[in-house]
Amino acid sequence: MFKNLRQLASYVGKYKIYAILTPIIVSLEVVMECLIPFFTADLITYVQQKYVVSDAILTKWFISFVESIIPGKPLAVVGGYCILLILMALTSLTFGAVAGITCSKASCGFAKNLRTELFNKTQDFSFENIDKFSTSSLVTRLTTDVTNVQQSFMMIIRTAIRSPLMFIFSILMAFIRGGSMALIFVVVIPVLLFGLIFIAKKAMPIFKKVFKKYDALNASIQENVHGMRVVKSFVREDHESDKFGTASQNVANDFVRADKILAFNNPLMLLCMYAVMTFVCLFGSQAIVKGDIIIGEFSALLTYGMQILMSLMMLSMIFVMITMSAECAKRICEVLNEDATIKNPPSPVYEVENGDIDFVNVSFKYSERAERYALSDVNLHIKSGQTVGIIGGTGSAKSTLVQLIPRLYDTTVGQVLVGGKDVRDYDIVSLRDSVSVVLQKNVLFSGTIKDNLRWGNENATDAEMERVCTLACADEFIKTFPDKYDTYIEQGGTNVSGGQKQRLCIARALLKKPKILILDDSTSAVDTRTDAMIRKAFAQEIPNTTKIIIAQRISSVEDADLIVVLDDGKIDSIGTHSELIKDNAIYKEIYESQTKGGKME
Amino acid sequence: MSRPIANPRGPKMGRPTRKAKKGTFKRLISYVFKYYKLPFVLVLVCIGINAFATALPGIFQQKVLEAAETGLGLVSSGNSVEFALDSVVPTIVSAVAVLIVIYVLGLVAAFVQTRTMAVITQGFLHKMRTIMFGKMQRLPIKYFDTHKHGDIMSYYTNDIDTLRQLISQSLPQIITSAIILVTVLSIMLYFSLWLTLVVVFGAVLMVITSKFIGGGGAKYFIKQQQALGKCEGYIEEMINGQKVVKVFNHEPKSKEEFDRLNSQLCNDATTANKFANTLMPIINNLGHILYVLLVFTGTILYFFDVPNISFSGQDLNIATIIPFLGMSKQFTNNVSQLSQQANAIIMGLAGADRIFELIDEEPETDEGYVTLVDAKYDENGNIIEADKHTGMWAWRHPHSADGSVTYTKLEGDVRLNEVDFGYVENKIVLHDVSIYAKPGQKIAFVGATGAGKTTITNLINRFYDIADGKIRYDGININKIKKSDLRRSLGVVLQDVNLFTGTVMDNIRYGKLDATDEECIAAAKRANAHSFITMLPDGYNTVLSGNGSGLSQGQRQLISIARAAVADPPVMILDEATSSIDTRTEAIVSAGMDALMQGRTVFVIAHRLSTIKNSDVIMVLDKGRIIERGSHDDLIAQRGKYYQLYTGAFELE
């Protein structure tokens, strides 16, 4: 658990100075805070003993100092004491405030560095890394987990230093001022400490479990909200309410169980506090009479007693908090320690010669542990400038096949060549600049249409953007928007229709002027006529670009130079439309199931 | 310290802070009272006892110290220590004895309070959650269409969390603090007016200081929340679009932009935290200064023999000043507690207000009285109610005029007469739509997104209501049919599949809760889902979570079809139900579906014309109007829009 925390601590970076300063300043604050009751006790003694400097007063030097300046005026001594004490309080205040500021700088800077580190790390992740974590879990790790760790960090450099110091100083002071009376703490402290630890240890596992349950409960609400149409269609409102009621009751019961254990905390603390008070009252007062201690020390004992117990209480809270955030720290470290699985080769090739693609004995599986290969024994040779259609049922690994070309995944067996060279020899950026993929699950980002298009080419001119949009048949609808190319796209592209989104994504990919263009089911929401127009534009305008089209509809691929029929991760057949329609059973079946019917938007 | 990390979901975003309505507090308390009257009263009593136990000891300290002083006096006037002790110990012991009694009471009260409070808090939250959830189930679909799902979720997470804070901590704390304040104030006045004034002055100073710092903090805190929202929004967007980022080599740019947002956040957060972090030490040390002032004032008063004003009429002495020190701490602590909790109370009440808003939301109304019953024919061929499932259903139609009941056989005859409809006024999305679906017919809707296809199905199952009598089901005005029975008679398969956490079997059984495993498997076979389900790690017992995240979209659609199939409804609505299934599989599924739907009415919405080609009637919708209707052959012969669509692919060749 502490290994992770230590690793994270190393990301404090340039804020290290603040992270170190904070505990130091806090310690000074604590010293001041502990000295104040110390001197107050002296002052009270001085007053109580009718302005006689007794043996019990430790700061005789101070009294004689004041008396030497203003002799014979005991009130001046009292005034001097008060000024001294107020100065100490102000010093303590200043230290406290400064520590508050350095602590803010350190913890916010730490969180910033951590976020940057995490974000950069995820940016460098390969598809395989991303799949492993899942996007939602990555988002939580970068947001909630970082916030929690930041909180803990703040706790550690400030309170976690303050409390033990306060504890030690107060005990020290208590013994100096109270002598044998302070022995009560020797009894009370272990009781409280063990009590608190015992309670925390008992309650924590229950809390951990119940928080998980609680999260699951909230997840089930979310599921219900999203699926409300289904719930209502099947008239399952009561069923859902019952199910939820049981789960909620269950969570509540667990919480009560844990809370009831925690409920010992407060009385335990009170018990110890009361014990100290009673002890001091009962025996302290007698000790005063006996002359063992003086009244000022009696008050100091009470003050230190409170401080000691409060700092113990804080310690147990910190303990709980750190253990809880250790979970977050672990999850963050998992991301930070993950190695990007796809890296640049040592001396990469920066130039992709042409759009030739060759698959040589390629087999692929998504993870080492997977039993089945997603692709097996694929051999495929595509000449630069060819148009290739890929067709096959759901799960036949069409997307998998093309994702190997821009090295989104690496082959498990065999090699993929682009422009005659193994993809693993290229500089990744150069390779992906030459191979443009329009992904099946595509995303537009919040920003204007132009902003989105510029992903393809940062320096694209308006004319270039219009050209690619015309090619992708996107220009026609963009022109109908009031703001044309400056139309703002909402996050996730929710304010354009599915077909429009797909066309914008194609335009964006075209702007890269790639040597190879891959459309992964990218026109499924586009009507057949527009689909055909896009393909026609491709044939005329970018004849030298290799085009790979994955499609559900036969009409999208039938005029391709080459059609690959995939079935269950294997190439079933390669040929032209007229060849396949004669010889290939799967192709024929797909063709017939569509019987030249279209889809429309 | 029920939950140290107050809000595990991170700080709330995008919820404007607002003031709670009047009466929210009263209502909240009345809810607590409704379920936990006795425990709540018990807690109140315990809080009272506990507060007194915390506040009263000052008196006894003073007594004990006074006794000690007397003892000291005796010693200094020449008596032996033993004599002095003997004369004061009884006073001390009796004072301490009373103190112990108070402490024990306080301890018991504290113990009972925290444990009872745990039960009340968690039980109350559970009650509120179930009330909210139950209420939510009764809300019309319109509510879910017009509210962001994230906002609805926020009721259950953020608002319930603030409510927890309010009930379990702020409320007891505020009562405790108030009692302690009053008690301590009285005790202080009992001893000395002058010293009390010093303490009150200090307390006022602290409140002003914390208002000042807290106010500045609040401003920057909002800024921090905004920056955090932006930064986390960016993280979410980029990570969700990560694969696109990779494909476009956009990593350097996104890192750059993130750096900008992150630095902004860091700046704002640092400023906000500076305020928050300095407040405590400042208040703390003001307390120390007050402490010193108190000693000083006491000494001056003592020194100059200023006449003391107090209820006790006692003179000021050291024995009085010492407990004052402790009491001043208590007083200021509780004053700052009150001012801190005031904020929490305002936030908690705003949360409660939002929760009440959800609870007060207008539920889905249902005046329907025609119900769906199992039916059979009696000897005379009349339809009568059956007490068990017969495979035949009838509408039970009671007539209020003469008290008679008639039965109409459920056939699946659905008619829409000249329906106009708009989700919002002034924006009509359906114009004059008339549809006659005879029992057993397959009716298809074709048209662009937004043409109104889904709207029609929304009206048939009364997710949205229209004027009376425009839609008739087996001749009955659907507004007269009980919504639950109407919907039970309609099976719906939607494009966006929602699966629930549970096994595959549970999900299929959702269609019919008492279905046997065999029935579910049979339904899965009909939907052509059986083969892939058996290939899942645990077959039908594979647990799905996150809306079936491990499955492909097509597989999820197949499960949702199986779910509808097991319900075995007389009328079925398929809204793009097979859009993500490849055409080969779809052909197999639809063969199964067609067999299943034999003799039942089906409404189909699909992009793919091949899906709907064999429909009895195809309606071509355009901008909310039916522009063509007829069978595939009719429409092809008409050479209209459908024909263009159907042959569109050929034209360009």
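**Exercise 1. How far apart do the C-alpha centres of domain 1 of chain A and domain 2 of chain A lie?**

The model is predicted. Start with the bounds. In chain A, domain 1 covers 2-336. Domain 2 has two segments, 357-443 and 508-594. Now take the centres: they lie 60 Å apart.

**Exercise 2. Work out how helix 4 of chain A and helix 6 of chain A are oriented, and list the residues that meet.**

Step 1. Locate the helices. Helix 4 of chain A spans residues 74-123, and helix 6 of chain A spans residues 135-142.

Step 2. Take the axes. They come within 10 Å and cross at roughly 160°.

Step 3. Classify the angle. Angles over 145 degrees count as roughly antiparallel, so helix 4 of chain A is roughly antiparallel to helix 6 of chain A. The crossing is left-handed.

Step 4. List the contacts. Helix 4 of chain A supplies A:Arg115, A:Leu118, A:Phe119 and A:Thr122. Helix 6 of chain A supplies A:Leu138, A:Arg141 and A:Leu142.

Step 5. Sort by class. The contact has 4 nonpolar, 1 polar and 2 charged residues.

**Exercise 3. Find which strands of the open sheet in chain A stand at the edges.**

Step 1. Write the strand order. The 4 strands run 2-1-4-5, with antiparallel pairing.

Step 2. Read off the ends. Strand 2 (375-382) and strand 5 (421-422) of chain A each have a single partner strand, so one side of each lacks a neighbour in the sheet.

Step 3. Check the pairing of strand 5. Strand 4 of chain A, residues 413-418, pairs with strand 5 of chain A in the antiparallel sense over 2 bridges. A:Leu417 has A:Asp422 in strand 5 of chain A as its bridge partner.

Definitions and conventions. Residues numbered from 1 in each chain as written. Chains lettered and ligands numbered in written order. Predicted model: local features only at pLDDT ≥ 70, side-chain atom pairs only at ≥ 80, totals over all residues. Pairing = 2+ DSSP bridges. Axes fitted to C-alpha atoms, helices over the stretch in contact; angles between N-to-C directions. Parallel < 35°, antiparallel > 145°, perpendicular 65-115°, else oblique. Left-handed = near helix turned anticlockwise from the far one by under 90°. Contact = placed C-beta atoms within 7 Å. Nonpolar A, V, L, I, M, F, W, Y, C, P; charged D, E, K, R; others polar. Domains from an automatic or database assignment.
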